[in-house]
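Open the model in your viewer and keep the selection panel at hand. The tour goes from the overall fold to a surface patch and then to a charged pair.

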Amino acid sequence: DDCILWTVCLIDCFVTIASCFIEIPEEIRILVDCMNMITIGCMHAQQAVEIDEIKKTGYQGPTAVVVAVLPPHQQKMIQQAQPGGAAAQQYGAAAPPQYQMG
């Protein structure tokens with residue numbers, strides 16, 4: 001993913017900078033825009049799949065591998081987190097009583 005993102009970013013920057021000095025054909029700009037939109041669309045699709053999976057199975061928190069590479073203060077925050085807290089609340093679920101209006 002990073003390679004694709006960097007490539008699209010660098011091409012976009014190159015075309016933008018080059019257009020300051022020479023005439024860039026409109027077709028090149030359209031091609032770069034298409035590359036950007038395709039990349040953004042793929043990223044959106046990947047996120048949608050992950051969110052749907054979390055909605056189905058629930059969020060289990062970060063894996064031990066992820067926690068191990070975090071700075072110590074963030075590891076401590078994760079260890080102190082309470083399961084079922086406001087951050088772990090299911091999407092679309094009713095708000096806890098203390099947050100309900102009326």
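Start with the whole chain in cartoon view. This is a predicted model. The protein has four helices and zero strands. Read from the N terminus, the order is α-α-α-α.

The accessible surface is about 8,900 Å². Carbon and sulfur atoms account for 66% of that area. Of the 102 residues in the protein, 9% are buried.

Now select Ile17, Phe21 and Ile22. Together these residues make a nonpolar patch on the surface.

Where does Ile22 sit? Look in the loop between helix H1 (2-18) and helix H2 (26-57). Ile22 has a relative accessible area of 52%. Exposed means over 50%, so Ile22 counts as exposed.

Move on to helix H2, and show the side chains of Glu53 and Lys56. Side chains of opposite charge can pair when their charged atoms come close. Here Lys56 and Glu53 form a salt bridge. Draw a distance between the closest N and O atoms: they are 3.9 Å apart. The cut-off for a salt bridge is within 4 Å.

How are the two residues placed along the helix? They are three residues apart in helix H2, so about one helical turn separates them. Colour the pair by accessibility. Lys56 is exposed, at 68% relative accessible area. Glu53 is partly exposed, at 38%.

End by zooming out to the whole structure. How many salt bridges does a search of it find? The count is one.

Methods:
Residues numbered from 1 in each chain as written. Predicted model: local features only at pLDDT ≥ 70, side-chain atom pairs only at ≥ 80, totals over all residues. Heavy atoms only, no water. Buried < 20%, exposed > 50% of the residue type's maximum accessible area, 1.4 Å probe, protein only. Areas by Shrake-Rupley, 256 points an atom, 1.4 Å probe, with all protein chains shown as cover. Patch = residues over 30% accessible without salt bridge, like charges linked within 9 Å, V, L, I, M, F, W, Y side chains within 5 Å. Salt bridge = Lys/Arg side-chain N within 4 Å of Asp/Glu carboxyl O.
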